[in-house]
Amino acid sequence: MADPARARRLSKRISEIVASAIEYEIKDPGLAGVTIVDSKMSGDLHDATLFYTVMGSTLDDAPDYEGAAAALERAKGVLRSKVGAGTGVRFTPTLTFTRDTVSDSVQRMEELLARARAADADVARVREGASPAGDADPYRVSGAAQDDENAPGDDAGRVAARGGAGQSDALGDDAGRVAARGGAGQSDIGAPTANGEGADDDDELED
């Protein structure tokens, strides 16, 4: 197995040679939007995998992935010859081209984020001139107002005062009348005599 550091150096050199040849030397319309973004070498340095992306002719045009793949396949022999001449290695590695889907995913995410930001901006513009249909905060009650509602009013105080006075007056009158009647009733009952009879019994015996 080759030295990993040497494999990285060779991989980087191959990607530079291929990218330069695609951009400046090979005249193929199918390679117009192709860009080499990374490369990887096998452990024995016999095979090189190059990752590429494809861009459309304009931002609104979709990339021609099939056309780019066909153009790279046509140019593979020429590109390998340039790699052999540019690296000077004893065995020129074979070239395999693989489309880089990570870059495509990143671009797709950027488009989605741009749409989300535009939607948020539209919502913000609508909210600038909007006003609530009812109260701004219909469910919140201030502390002072809530305390006033919970505190007993003047009417409650007057009712309590009247109720207390009425009860005391009523109890006072009834208590006086009951005491008067009870005292009178008890005074009517004769005191017991030595024989256990009351005063009335004595009157009857005298008659």
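Residues are numbered from 1 along each chain as its sequence is written, and side-chain values use heavy atoms, with hydrogens and water left out. Because the model is predicted, local features need pLDDT of at least 70 and side-chain atom pairs count only at pLDDT 80 or more, while totals for chains, interfaces and linings use all residues.

Let us start with the overall architecture. The protein contains six helices and three strands, where helices (H or I, at least four residues) and strands (E, at least two) are DSSP runs numbered from the N terminus. Along the sequence these elements are arranged as α-β-β-α-β-α-α-α-α. Among contacts in the protein with a separation of 6 or more, 57% are between residues 24 or more positions apart; a contact here means heavy atoms within 4.5 Å.

Of the 207 residues, 17% are buried, on a scale where buried means under 20% relative accessible area, exposed over 50%, and partly exposed in between (1.4 Å probe, protein chains only).

In general, side chains of opposite charge can pair when their charged atoms come close. The structure holds five salt bridges, each defined as a side-chain nitrogen of Lys or Arg within 4 Å of a carboxyl oxygen of Asp or Glu.

One of them joins Arg 13 to Glu 16, with an N to O distance of 3.6 Å. Both residues belong to helix α1 (residues 4-25), where a spacing of three residues puts them about one helical turn apart. Arg 13 is partly exposed at 38% relative accessibility, and Glu 16 is partly exposed at 40%.

A salt bridge also links Arg 74 and Asp 28, whose closest N and O atoms lie 3.0 Å apart. This pair connects distant parts of the chain, 46 residues apart: Arg 74 sits in helix α2 (residues 65-87), and Asp 28 in the loop between α1 and β1 (34-41). Arg 74 is exposed, with a relative accessible area of 54%, whereas Asp 28 is buried at 18%.

In helix α3 (residues 101-128), Arg 125 and Asp 122 are three residues apart, or about one helical turn. Their side chains form a salt bridge with an N to O distance of 1.9 Å. Arg 125 is exposed at 52% relative accessibility, while Asp 122 is partly exposed at 39%.
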